[in-house]
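Welcome! Have a look at it first, and then read on.

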Amino acid sequence: MSMQAERIFINLPVKDLQNSIHFFSELGFEFNPQFTDENATCMIISETIFAMLLTEPFFQTFTKKEITDTSRNIEAITALQVNSRDKVDEIISSAVRAGGTSPQAPAEQGFMYGASFEDLDGHLWEVMYMDESAADPEG
């Protein structure tokens with residue numbers, strides 16, 4: 001039997017929930033009010049992918065480990081595939097305008113184009129476009 005998940009929920013600690021909601025709203029994300037309160041919100045990435053933004057004290061209730069200091073360490077990079085190079089640039093520009101940073105220049109990697117941004121809490125997000133027809137050796 002193979003493991004087939006129906007949805008993915010990424011859980012991220014945030015220092016200020018309202019600031020994070022505002023930041024990601026500026027990038028065009030929406031939130032599920034059914035799973036939003038003073039401790040958490042459910043950011044909708046797609047029909048099956050969600051990011052739970054949890055206040056640090058609430059996040060800490062799910063683990064005995066220390067929350068990573070994202071100014072010095074990284075635990076993961078969340079990568080999002082979009083449908084065009086322009087969309088990559090649009091999201092990165094929106095992130096910077098909303099108070100995030102873009103630590104590296106966009107990268108061309110043959111049939112892939114991508115860039116990254118850090119959100120208000122230092123979580124690293126990669127946004128990439130892949131020309132799947134150019135990646136297909138048959139195509």
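Helices here are DSSP runs of H or I with at least four residues, numbered from the N terminus. With that in mind, just after helix H1 you will find Gly-28, which takes a positive phi of about 100°. Please remember that this is a predicted model.

**The sheet**
- The order E1-E4-E3-E2 describes an open sheet of 4 strands, and its pairing is mixed.
- Strand E1 (8-14) and strand E2 (30-32) stand at the edges with a single partner strand each, so one side of each has no neighbour in the sheet.
- On average, neighbouring strands of this sheet are turned by 35° against each other, direction ignored.
- E2 and strand E3 (residues 40-44) run antiparallel and are joined by 3 bridges.
- Opposite Phe-31 you will find Met-43 in E3.

**Helix H1**
- In helix H1 (residues 17-26), the buried residues are Leu-17, Ser-20, Ile-21, Phe-23 and Phe-24.
- These residues lie on the same side of H1, because they cover an arc of only 165° around the axis.
- In general, an α-helix has 3.6 residues a turn, so residues three or four places apart point the same way.
- At the start of H1, the backbone nitrogen of Gln-18 has a side-chain oxygen of Asp-16 within 3.1 Å.

**The largest pocket**
- The volume of the largest pocket is about 390 Å³.
- It is lined by 19 residues, of which Asn-11, Leu-12, Pro-13, Glu-75 and His-123 are the closest to its centre.
- E1 gives the largest share of the lining of the largest pocket, with 4 residues.

Notes:
Residues are numbered from 1 along each chain as its sequence is written. This is a predicted model: local features need pLDDT of at least 70, side-chain atom pairs count only at pLDDT 80 or more; totals for chains, interfaces and linings use all residues. Side-chain values use heavy atoms; hydrogens and water are left out. Two strands pair if DSSP finds at least two bridges between them. Helices (H or I, at least four residues) and strands (E, at least two) are DSSP runs, numbered from the N terminus. Axes are lines fitted to C-alpha atoms, for helices over the stretch in contact, and angles run from 0 to 180 degrees between N-to-C directions. Buried means under 20% relative accessible area, exposed over 50%, partly exposed in between (1.4 Å probe, protein chains only). The arc is that of the directions from the helix axis to the C-beta atoms. A polar contact is a pair of N or O atoms within 3.5 Å; within protein, one must be able to donate a hydrogen and the other to accept it, and residues adjacent in sequence count only if both atoms are side-chain atoms. On a 1 Å grid over the protein atoms alone, a cavity is a set of points where a 1.4 Å probe fits but cannot get out, and a pocket is an open set with protein on both sides within 12 Å along at least five of seven lines; lining residues have an atom within 4 Å of a point. Grid points are joined across faces, edges and corners, and a volume is the space filled by probe spheres set on the points.
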